Amino acid sequence: QVQLVESGGGSVQAGGSLRLSCAASGRTFTIYAMGWFRQAPGKEREFVAAISWNGDNTYYTDSVLGRFTISRENAKNTIYLQMNSLNPEDTAVYYCATYLPTYPFDKYTDSAMYDPWGQGTQVTVSS
């Protein structure tokens with residue numbers, strides 16, 4: 001079973017940048033597609049970005065397209081989320097998760113297709 005730990009969250013002003021990391025334990029990390037989700041207070045968890053097991057395919061929700069970049073370093077068992085041009089609407093707890101490996105990677109926006117999840121890291125953007 002893969003275990004995930006997010007880091008890199010914090011507080012920034014609008015227009016600033018942060019890079020989130022998600023470190024995974026487990027020898028089979030490289031077979032997993034991965035995703036980032038976020039949950040703002042009082043809102044449902046929403047898809048942010050996803051990346052295929054080899055990094056060749058990446059997907060983003062429209063609101064972060066052009067501002068966020070998902071990447072991975074399989075040699076370090078780590079994925080990243082580079083977040084630029086942050087705005088207050090990006091404030092949320094950010095979670096990484098592994099896509100269920102027995103399913104085609106075509107439902108990457110569906111949180112039910114991911115398990116396990118990390119504990120989350122808080123991102124706060126002030127105006």
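## Exercises on a disulfide and a sheet

Cys-22 and Cys-96 form a disulfide, with their sulfur atoms 2.0 Å apart. The structure you have open is a predicted model, so let's work through it together.

**Exercise 1.** Find how many disulfides the structure holds, and describe the geometry of the link between Cys-22 and Cys-96.

*Solution.* Start with the criterion: a pair of cysteine sulfur atoms counts as a disulfide within 2.5 Å. Next, take the sulfur atoms of Cys-22 and Cys-96, which lie 2.0 Å apart and form such a link. The total for the structure is 1 disulfide. Finally, look at the torsion: the angle about the S-S bond is 65°, and the link is right-handed.

**Exercise 2.** Work out which strands hold Cys-22 and Cys-96, and whether these cysteines are buried or exposed.

*Solution.* First place Cys-22 in strand S3. Then place Cys-96 in strand S9, which spans residues 92-99. For accessibility, buried means under 20% relative accessible area. Both Cys-22 and Cys-96 are buried.

**Exercise 3.** Trace the open sheet that contains S3 and give its strand order.

*Solution.* The sheet has 4 strands, in the order S1-S3-S8-S7, with antiparallel pairing. Its edges are S1 (3-7) and S7 (68-73), each of which pairs on one side only. From one strand to the next, the twist averages 15°. Now zoom in on S3 (residues 18-25) and S8 (residues 78-83): they pair over 6 bridges in the antiparallel sense.

Key:
Residues numbered from 1 in each chain as written. Predicted model: local features only at pLDDT ≥ 70, side-chain atom pairs only at ≥ 80, totals over all residues. Heavy atoms only, no water. Pairing = 2+ DSSP bridges. Helix = DSSP H or I, 4+ residues; strand = E, 2+ residues; numbered from the N terminus. Axes fitted to C-alpha atoms, helices over the stretch in contact; angles between N-to-C directions. Buried < 20%, exposed > 50% of the residue type's maximum accessible area, 1.4 Å probe, protein only.
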